[in-house]
Structures are given as structure tokens and as C-alpha cells.
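I opened this notebook to record what I looked up on pairing between charged side chains and on pockets. The entries follow the order in which I consulted the structure.

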Amino acid sequence: MRIDIVSLFPEFVAQVAGHGVVGRAQERGLLSLHGWNPRDHAEGNYRRVDDRPFGGGPGMVMLIDPLRACLAAARAADPAPGRVVYLSPQGRPLTQTKVRELAAEPRVILLCGRYEGVDERLLAAEVDEEISIGDYVLSGGELAAAVVVDAVARLQEGALNDAESAVQDSFEGDGLLDCPHYTRPVEHALGRVPEVLLSGNHAEIARWRRQQALGRTWLRRPDLVDREALSAADRRLLEDFLGAAGDGPGTPT
Ligand code: ADE
């Protein structure tokens with residue numbers, strides 16, 4: 001997969017994404033990142049990329065032409081048509097479903113805004129989709145782009161060493177949060193590993209993990225649990241969990 005990053009700080013995104021799984025995905029040839037700077041496509045001695053907003057108000061707005069020329073240069077660098085994604089707090093929330101969708105594209109072009117925003121006409125003409133990484137405001141789209149790059153890179157086939165681990169992640173498959181994990185030592189001043197995980201009984205372990213995932217999701221993110229869709233077995237697991245855990249948002253009805 002190819003990802004192009006259009007940003008005033010393209011090297012920033014590449015640097016953030018240069019380590020761990022994303023770095024490995026690049027080394028393995030599963031992902032290529034390419035930075036494009038609108039300033040390189042700006043006119044005049046000052047290579048201006050922004051100007052004051054019409055109607056007044058604080059801040060600056062990114063100009064159409066440097067961005068447009070920059071996007072055109074990025075597009076021309078590869079015949080694969082790229083889906084253009086603009087990162088902004090006004091976008092649709094990024095979810096694992098959206099990440100999977102982007103990860104299946106041959107090419108994505110991430111457009112990062114700075115300052116107060118980008119001239120709306122450029123967005124209307126050039127952007128396929130606007131994505132937000134959460135209900136808070138960053139000073140630019142670069143960190144959000146790095147988040148997208150990371151989430152998408154680890155889903156490239158062969159990027160993770162253990163092919164199973166992406167399937168077991170929170171939000172994958174059943175849309176539940178992940179269960180708790182433990183490693184050595186069994187006994188520690190901070191507590192003992194739950195007995196079931198030491199039992200060697202794989203059916204019991206799977207049941208316990210499912211129950212923990214259900215219970216955790218119910219307590220922490222009840223919005224992710226579709227009560228109607230729970231099987232009778234899951235409902236029982238959850239009821240037992242809540243009975244043992246005490247207070248929560250209430251037993252599902
Ligand atoms: N740019 C600034 N804030 C953002 C956010 N929350 N998500 C995506 N891009 C942004």
C-alpha cells in the first residue's frame with residue numbers, strides 16, 4: 001500500500017511512523033510513505049501557503065493553489081488513484097471499521113491542515129473524505145495522519161509477526177474491548193495471575209476471556225454492546241461477571 005502525506009511538516013509524520021510495526025511494514029515492502037510539502041508548490045519569494053480569512057477573525061487559512069499543485073504532484077507520482085482523506089475535527093470519527101476500509105485501498109493521500117483550516121473550495125473539489133481522530137482539537141492534522149498510518153500499516157498482510165494478534169485486538173471481529181493479559185511471575189506483590197489462565201483448560205480460558213471482554217466493554221464502553229444481539233450464552237457470562245464485579249451501568253435486559 002502507498003500512503004502520500006501532504007503537509008507543511010511531512011517529515012514529522014514519516015518520523016513518527018518510522019518505528020516499530022510501521023517501520024517494519026516499510027522494510028518489508030508492505031507500505032511506502034511519501035511526503036509532499038505545499039510550500040514547495042507556493043509562488044513568490046515568501047512561498048506563502050496561507051492568508052487571512054475573509055469575514056475577519058483570528059488565524060490563517062491555507063491557500064487553494066499551493067495545496068492543489070501539491071496534490072496534483074502527489075497524484076502524478078503514481079498511476080494508482082489515491083483516495084484523498086482530509087484530517088480535521090469536523091470529519092467522521094475514525095473507527096476500526098474505517099481503518100480496515102482504508103487498509104484495503106491500494107493508495108491513500110492524507111491531507112493535513114494547519115492554522116485555522118483550509119479554504120473550503122479546495123476541500124470540496126479535492127477531498128473524498130474527512131476524518132477526525134476524536135472530539136478534541138490538535139494544532140494540525142499531522143498527528144492524526146500518523147495515527148491513521150499506524151492503524152492502517154499494522155493491518156497490511158505480513159506486517160505483524162503473529163498473524164493472530166490483529167484478529168484478537170479490541171474492536172476487531174466482535175467489536176468488544178480486549179480482555180486483560182498477564183505474564184510472569186505468577187505471584188507478585190501487585191497480585192496473582194487469575195487461576196483459570198494457569199489451568200491449561202483451553203475451553204475454560206476462552207470462556208473466561210470472553211466474559212472479561214464482555215464485562216469490560218459493558219462497564220467501560222456500554223455504547224459498544226448491542227444488547228439485543230447478545231447470545232443467551234454471552235448474556236449469562238455478562239450477568240455472572242456483573243454479579244461478581246458489583247456496580248456497573250446495570251444488567252442488560
Ligand atoms: N486536526 C486537528 N484536530 C484534529 C482531530 N481531532 N482529528 C483529525 N485531525 C485534526
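**Entry 1. A pair within one helix.** I began with Glu 101 and Lys 98, which stand three residues apart in helix H4 and are thus separated by about one helical turn; helices here are DSSP runs of H or I with at least four residues, strands are runs of E with at least two, and both are numbered from the N terminus. The model is a predicted one, in which local features need pLDDT of at least 70 and side-chain atom pairs count only at pLDDT 80 or more, while totals for chains, interfaces and linings use all residues. Residues are numbered from 1 along each chain as its sequence is written, and side-chain values use heavy atoms, with hydrogens and water left out.

I found that the side chains of Glu 101 and Lys 98 form a salt bridge at 3.1 Å, N to O; the term requires a side-chain nitrogen of Lys or Arg within 4 Å of a carboxyl oxygen of Asp or Glu. Glu 101 is partly exposed at 36% relative accessible area, whereas Lys 98 is buried at 15%. I used the cut-offs of under 20% for buried, over 50% for exposed and in between for partly exposed, with a 1.4 Å probe and protein chains only.

Entry 2. Arg 83 is buried at 16% relative accessibility, and Glu 105 is partly exposed at 21%.

Entry 3. I noted that the count comes to 18 salt bridges. One of them links Arg 2 and Asp 78 at 3.5 Å, N to O. Arg 2 belongs to strand E1 (residues 2–6) and Asp 78 to the loop between helix H3 (64–76) and E5, so this pair ties together parts 76 residues apart in sequence. I recorded Arg 2 as buried, at 12% relative accessible area, and Asp 78 as partly exposed, at 23%.

**Entry 4. The largest pocket.** I next took up the largest pocket, which holds about 420 Å³ of space. On a 1 Å grid over the protein atoms alone, a pocket is an open set of points where a 1.4 Å probe fits, with protein on both sides within 12 Å along at least five of seven lines; lining residues have an atom within 4 Å of a point. A volume is the space filled by probe spheres set on the points, which are joined across faces, edges and corners.

Of the 25 lining residues, Tyr 86, Leu 87, Ser 88, Pro 89 and Gln 90 lie nearest the centre. Strand E5 supplies the largest share of this lining, five residues. By class I read 12 nonpolar, nine polar and four charged residues; Ala, Val, Leu, Ile, Met, Phe, Trp, Tyr, Cys and Pro count as nonpolar, Asp, Glu, Lys and Arg as charged, and the others, Gly among them, as polar.

**Entry 5. The second largest pocket.** I noted a volume of about 360 Å³ for the second largest pocket. It is lined by 16 residues, with Gln 168, Asp 174, Asp 178, Cys 179 and Arg 209 closest to its centre. Helix H8 gives the most to this lining, with four residues. The classes are six nonpolar, four polar and six charged.
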